[in-house]
Amino acid sequence: VRGTWSDNSTDILNDPSKINDIRFSFLDKDFDVQKNDDGTWFANITDVPSSSGVILASIEDFGGNVKRVNKTIFIDSSETRLDRISSDNDDGAYKANDNIRINLDFTKNVIFEGNNPSLILNNGGIANYSEGKGTSKVVFEYVVKNGDDIEKLDVKKIDSSDCVWKDSSTGKEFEVEVPVSSNTLNSRNIR
């Protein structure tokens, strides 16, 4: 967590060292604060569960004057993962040149770098990336071909070759695999 501080004594005396103490706490746990001469501070929050709570920051000058600021926040420490595979299309039969939209629904907003990912389908077809980078819903499109014939269309594999998936807010990389319980597209018949 980062912040800025100011105190009129630093303007008058032009000496940032006149700030005595900066304190930071979350969920009644105190964290060490690094105070910088440029008017900024930094506190590294560790071992905090997913939770909402109140952040309390305070600054004290050498005269003993204290200014407190508090803010309620939510910290999500859960991992980014693929939650489910879905489709915007209605259940039913599809014919050549019909588009089937297939969604990867993630638990958080995601980005990917490198080549666009694609989906390998159980009919041998490939669904290509369409939209959704930076959101929690990444959309792929499959165009039904002449001769396609499968009773239950599904995603067999997510092809992320030369592609790196990341949580869009943290930049943390993660692997994307078809969920074990995936058979979400099994009502999309192609005839």
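Glycine 3 stands opposite tryptophan 41, a residue of strand E5, in this predicted model. The two strands concerned, E1 and E5, pair in the antiparallel sense, and three bridges connect them. Strand E5 covers residues 40-43, while strand E1 covers residues 2-4. This pair belongs to an open sheet of three strands, arranged in the order E1-E5-E4 with antiparallel pairing. Its edges are formed by E1 and by strand E4 (33-35), each of which pairs on one side only. On average, neighbouring strands of this sheet are turned by 20° against each other when direction is ignored. As a reminder for the sheets described here, strands of a sheet pair through backbone hydrogen bonds, in either a parallel or an antiparallel way.

Strand E16, made of residues 163-167, runs antiparallel to E17 and is joined to E17 by two bridges. In one of these pairings, lysine 166 has glutamate 173 of E17 as its bridge partner.

E12 comprises residues 118-121 and pairs with strand E13 (residues 126-131) in the antiparallel sense over three bridges. Serine 118 finds its bridge partner in asparagine 128 of E13. E12 and E13 form a hairpin with four residues between the strands, and in this hairpin glycine 124 takes a positive phi near 90°. E12 also runs antiparallel to strand E15 (residues 155-159), to which four bridges join it. Within that pairing, isoleucine 120 has lysine 157 of E15 as its bridge partner.

Most residues other than glycine have a negative phi. Asparagine 97, although not a glycine, has a positive phi of about 75°. This asparagine 97 lies in the loop between strand E9 (92-94) and strand E10 (99-106). The relative accessibility of asparagine 97 is 65%, so the residue counts as exposed, the cut-off being over 50%. Aspartate 162 is another residue other than glycine with a positive phi, in this case near 55°. Aspartate 162 is found in the loop that lies between E15 and E16. With a relative accessible area of 63%, aspartate 162 is exposed.

The chain contains one helix and 18 strands. Of its 191 residues, 37% are buried. Taking contacts between residues at least 6 apart in sequence, 62% join residues at least 24 apart. The chain exposes about 11,500 Å², of which carbon and sulfur atoms supply 42%.

Note on methods:
Residues numbered from 1 in each chain as written. Predicted model: local features only at pLDDT ≥ 70, side-chain atom pairs only at ≥ 80, totals over all residues. Heavy atoms only, no water. Pairing = 2+ DSSP bridges. Axes fitted to C-alpha atoms, helices over the stretch in contact; angles between N-to-C directions. Buried < 20%, exposed > 50% of the residue type's maximum accessible area, 1.4 Å probe, protein only. Contact = heavy atoms within 4.5 Å. Areas by Shrake-Rupley, 256 points an atom, 1.4 Å probe, with all protein chains shown as cover.
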